[in-house]
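Reader: Please take me through the assignments made for this structure, and show the criterion behind each one.

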Amino acid sequence: MLGQKHILQALKEDDSITRGFIYIRNVLQGSSVSPNTAFISYSRRFRDEHYSEWTAVDAIPSTYQVTRPHKRSKLSNSTAKNHRWIFLYDRTLETTKYPESLEERKKYIESIGEDCDIIYKNNDMPDDDDSFKHKNTLYWRHPPEILSEGLQKPLIFQRVILTSHNNSLAAGFSLWVRTDDKDVDVPDIRHIRNERIKIDACRLHLKDPALKGKVVDFLKVFVCSPSITRPLDVTTPYESEDNQLEQSSSENGFAEDGSVFSLMIQNHRPHPNWIRSVRVLETASILYEELPGATISLRIVELELHQASWFPISATNERSLSEIYRKPARELFNIMTREHAFGCIAMFESGRFNIDSRHLEEVIALCTENSIFVAGILLSDPTDMSGGPRIRHLIGSIGQAGMVLLVSPLQPRIKPIGFDPMAVDHKIFAGERADRFQAVSMHMSFTEWKMPLDWENTGEIDQEIFLLESVISVQHNGQWIADIDVLQLEKDPPDLFYSDCKSDCATIESLDLKKVLRIDTWEELLDPPPETGVLRAKGNWIARLAATLILIQQSKGNAIVLVAGRDRICWNCLFERYSFPECHIPQFIID
């Protein structure tokens, strides 16, 4: 695709409309058109008027006079120049309200070595006519003399639609062919809209930084354009809403990039697997942007990325394929789950492992060489609901060869309740917020359970990928409290409370807090009060995470409410939330 010389030549232009004109002229090389038999136009909405820019399919000599069309050939006249006609059109006005914009555009066109004329009068502009039933026919009553000398007026043109991203009659690029010219082969010209030109062997040189940016912009439209998944209709354009026609002006007044890029991709629609591979690569790049310091294996270039098992949308039918093509990469990233992310990391770290996401549902971390990729749920507050898979990258090693996938024990242990009556002293909660668990910490250790992973689903066990049982333990001042399974937070998420009022609805003194007790130690959590208890761990995400998981592992997840945010909280709103239809305040409030 990028090996096509006419594409690269068009991309070198700074002005996007000029890119489109050059591209179409190059594709028309060898067709049966001459400067007075066909025109190229670009149109779009500009404020409250309709802007059009017309040009001939080839340069025009200063003494150009033709009475019969001729086969298009390279003009040897050194005075030949490309010529454009620009105008703003509104049926209700005799002339445009924005002449200064046209003058500015004309100066720019002349600055790049082309001639330009402004058409101010509506009668001198190409226009459709009510007498024509075909909406793709144009009637030009007073064409420029440089093109119409010796020809019968008016000139009548038939439109060959070159679909761009606007998908509308009123916007994008078009090719207009004279209907009164019997020597022009319209089907010969229409090859521009459906020919799949093979990529030639010329090498792509991108030494110019400006060209690199244009190529990247072109590829973005190439990948994300919704029209690449459907055939092009050259007789009936797609309709669009008026607001789709409103495009922002660039520094050149009327130019914008989307239409020309979309036009160029129509002739080079790739295989669906190519598009899916690019979407896979695009999604993976967003994931790795959030993993500073992470690297990938160069062996990835040998993989067929469209077969990635971890991609969040499987290409099982036309509908899913269309969704893959149309969704922005950020949306694809946001719907990635933890197992999708680990599958992606395993592929790009190794350059060859394509692990089915179903085998990664219980994985909490992935370790390879000197990198440890950890599920963000293990390193964040349990109220963190940020989008995406939330994977963290740490520098380090666990001393195991190959790629190791860490999983939690099936039945994590919890410290049994002791028999010391002095260890538990539930006091009445007076509304004060604090952190009584500052000495808490989490530690990782490994058991002897280690199992090779059948990553290719072929029945052959590869000894380079292992599942390793790892224990995440919670300690307080060095004393073991419990082992936790962080994935329980995904399976049984607790209720969250966000204080949405700006001030207390009532004072603490006005609330009946006699039956609300404090939980300030782990012993008081493991031997909880019969009434509602407030675990005071404000701002301590480790303690809040550990307490939440301990209660979930004790099958008390439905009795928890987590206070979200670090701002002041309205206790009245919290208690009122659980007062209807009857009082059902959770047994555990984790602050």
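Author: A residue counts as exposed when its relative accessible area is over 50% and as buried when that area is under 20%. The model discussed here is predicted.

Reader: Why is Ser555 called exposed?

Author: Ser555 has a relative accessible area of 63%. The criterion asks for over 50%, and Ser555 is therefore classed as exposed. Ser555 belongs to the loop between α15 and β18. Its phi is positive, at about 65°, although Ser555 is not a glycine.

Reader: Is Thr18 buried or exposed, and how do you know?

Author: Thr18 has a relative accessibility of 2%. The limit for a buried residue is under 20%, so Thr18 counts as buried. Thr18 sits in helix α2 (residues 16-27). Beyond its neighbours within four places in sequence, Thr18 is in contact with Glu13, Arg84, Ile112 and Glu114.

Reader: What makes the approach of Thr18 and Arg84 a polar contact?

Author: Their side chains are joined at 2.7 Å. The cut-off for such a pair of N or O atoms is 3.5 Å, and the pair is accordingly listed as a polar contact.

Reader: Why is the pair of Phe39 and Trp85 called edge-to-face?

Author: A pair of aromatic rings is described by the distance of the centres and the angle of the planes. The search of the whole structure finds 14 aromatic pairs. For Phe39 and Trp85 the centres are 6.2 Å apart, with 80° between the planes. Phe39 lies in strand β1 (residues 38-46) and Trp85 in strand β3 (residues 83-89), 46 residues apart. Both Phe39 and Trp85 are buried.

Reader: What are the corresponding values for Phe39 and Phe157, and why does this pair tie together separate parts of the sequence?

Author: The centres of Phe39 and Phe157 are 5.3 Å apart and the planes make 75°, which again gives an edge-to-face pair. Phe39 is in strand β1 and Phe157 in strand β6 (residues 155-162), so the pair ties together parts that are 118 residues apart in sequence. Phe157 is buried, as is Phe39. One aromatic cluster is formed by Phe39, Trp54, Trp85, Trp140, Phe157 and Trp176.

Reader: What makes Arg413 a charge over the face of Trp480?

Author: Arg413 lies 4.6 Å from the ring centre of Trp480.

Reader: In what order do the five strands of the open sheet run, and why do β15 and β16 stand at its edges?

Author: The order is β15-β18-β19-β17-β16, with parallel pairing. β15 (495-497) and β16 (516-519) each have a single partner strand, so one side of each is left without a neighbour in the sheet. The twist averages 25° from one strand to the next. Helix α15 (residues 541-553) packs on the sheet, touching β17, β18 (560-563) and β19.

Note on methods:
Residues numbered from 1 in each chain as written. Predicted model: local features only at pLDDT ≥ 70, side-chain atom pairs only at ≥ 80, totals over all residues. Heavy atoms only, no water. Pairing = 2+ DSSP bridges. Helix = DSSP H or I, 4+ residues; strand = E, 2+ residues; numbered from the N terminus. Axes fitted to C-alpha atoms, helices over the stretch in contact; angles between N-to-C directions. Contact = heavy atoms within 4.5 Å. Phe/Tyr/Trp six-rings, centres within 6.5 Å; stacked < 30°, edge-to-face > 60°. Buried < 20%, exposed > 50% of the residue type's maximum accessible area, 1.4 Å probe, protein only. Lys NZ or Arg CZ within 6 Å of the ring centre and 35° of its normal. Polar contact = N/O pair within 3.5 Å; in protein donor to acceptor, adjacent residues only side chain to side chain.
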